[in-house]
Amino acid sequence: MPVLAVVTSSPPGVDGGHLTIARALVTAAAESGHTAHLVVTPDYGFGRQTASYWAAWRTNVQQIAGERIDQVISFRHPSYAVRHPAHVCWLNHTMREYYDLWPRFAASISIQNRIKETVRRTLTHAADRWLLRGSVSRVVAQSRTIQQRLAADFDIHADVLWPPPPQRAYRCEQYGDYIFAASRLTPLKRMDLLVRALAEPPALAVRAVIAGKGDERVALEQLAVQLRVASRVTFIGHAYDETFVDHLARCRAVCFTPFAEDYGLVTVEAFASRKAVITCSDSGGPTELVRHDETGIICEPTPLALAAALARVSEDARLAETLGTAAAAHAATLTWPAAVKRLVIV
């Protein structure tokens with residue numbers, strides 16, 4: 001059986017969804033009879049992009065632990081800069097600040113920095129185009145949202161392969177009395193939208209538990225106090241595997257309302273726990289999996305609209321169960337053996 005290298009890149013101290021998917025793919029590949037190694041190349045962040053790409057380019061993926069590597073499967077920037085003749089990129093995302101988030105990013109910096117970042121953006125576009133079109137054997141998108149970006153940015157027409165739920169002990173114990181939300185606490189994840197929704201009249205009886213860490217935690221806690229909802233929202237910090245799965249098992253439903261998310265792994269994890277997902281019409285990846293009023297609720301990205309959606313499932317346990325049952329059936333169609341078969345080309 002082929003020996004695989006599963007390669008992703010990560011900023012120091014950040015353990016994002018791409019790493020969770022990469023680890024799950026390594027496990028799934030082993031269960032399918034392959035030998036698979038996880039390789040993490042550095043992402044040094046703004047100002048050091050060249051060093052990040054250079055580090056990936058120089059990473060030896062021809063041989064690991066004395067074994068010849070037959071194929072590479074890479075994920076996000078700049079991991080796809082590694083060199084191997086059999087290289088599938090299961091793309092999570094490029095450096096989004098230089099692509100779909102460029103207008104937002106450019107507006108947030110000074111004119112002098114904008115000039116500097118424009119140069120870096122141009123160089124990054126050139127490098128990505130050369131790598132993804134010329135150096136990678138095949139590109140597969142992790143969602144239709146990413147598929148559309150690939151077509152727009154590089155004229156690459158990629159197939160879509162949604163990552164299945166990682167191998168955890170998912171279960172449904174009850175449809176409890178709170179909404180669960182889990183994500184990094186950063187602006188793009190829009191946890192403030194959930195906090196603001198709790199202050200709207202339809203959701204005055206809704207309770208929420210928010211898991212995650214990030215720079216916005218203090219601001220979110222202060223917002224909850226200002227809106228007088230602090231007694232109905234609990235911030236629990238990072239939810240490790242058992243805690244995370246336990247909340248999925250016991251919550252009424254999951255709220256996940258990011259802006260233009262690449263995929264959103266928590267969506268399928270909620271589904272695997274027989275829980276509906278409430279998301280927004282501009283949330284990107286989650287809207288590909290959530291079928292409105294079938295496996296969850298899709299609402300407009302406003303506090304009032306979200307409050308109404310939260311109230312619907314909070315006031316009707318039978319609705320939450322019906323949506324969750326359909327969600328579980330959908331999650332069951334996404335399997336790791338099928339994913340491995342799609343990604344292995346040697």
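**Entry 1: S183**

I began with S183 and found it buried, at a relative accessible area of 14% (buried means under 20%, exposed over 50%, partly exposed in between, with a 1.4 Å probe and protein chains only). This is a predicted model, where local features need pLDDT of at least 70 and side-chain atom pairs pLDDT 80 or more, while totals for chains, interfaces and linings use all residues. Residues are numbered from 1 along each chain, and side-chain values use heavy atoms, without hydrogens or water.

Beyond its neighbours within four places in sequence, I saw S183 in contact (heavy atoms within 4.5 Å) with K189, M191, A211, G212, K213 and F256.

**Entry 2: helix α12**

Which residues of α12 are buried? I listed L319, A320, L323, G324, A327, A328, H330 and A331. They cover an arc of only 165° around the axis, so they lie on the same side of α12; the arc is taken from the directions from the helix axis to the C-beta atoms. These buried residues pack against α9 (265-272), α10 (286-289), β14 (296-299) and α11 (303-315).

**Entry 3: α11 against α12**

I found these two helices packed at an angle of about 100°, with axes 5 Å apart (axes are lines fitted to C-alpha atoms over the stretch in contact, and angles run from 0 to 180 degrees between N-to-C directions). That makes α11 roughly perpendicular to α12, a label for 65 to 115 degrees. R312, V313 and E315 of α11 make the contact with A317, L319, A320 and L323 of α12.

Conventions:
Helix = DSSP H or I, 4+ residues; strand = E, 2+ residues; numbered from the N terminus. Parallel < 35°, antiparallel > 145°, perpendicular 65-115°, else oblique.
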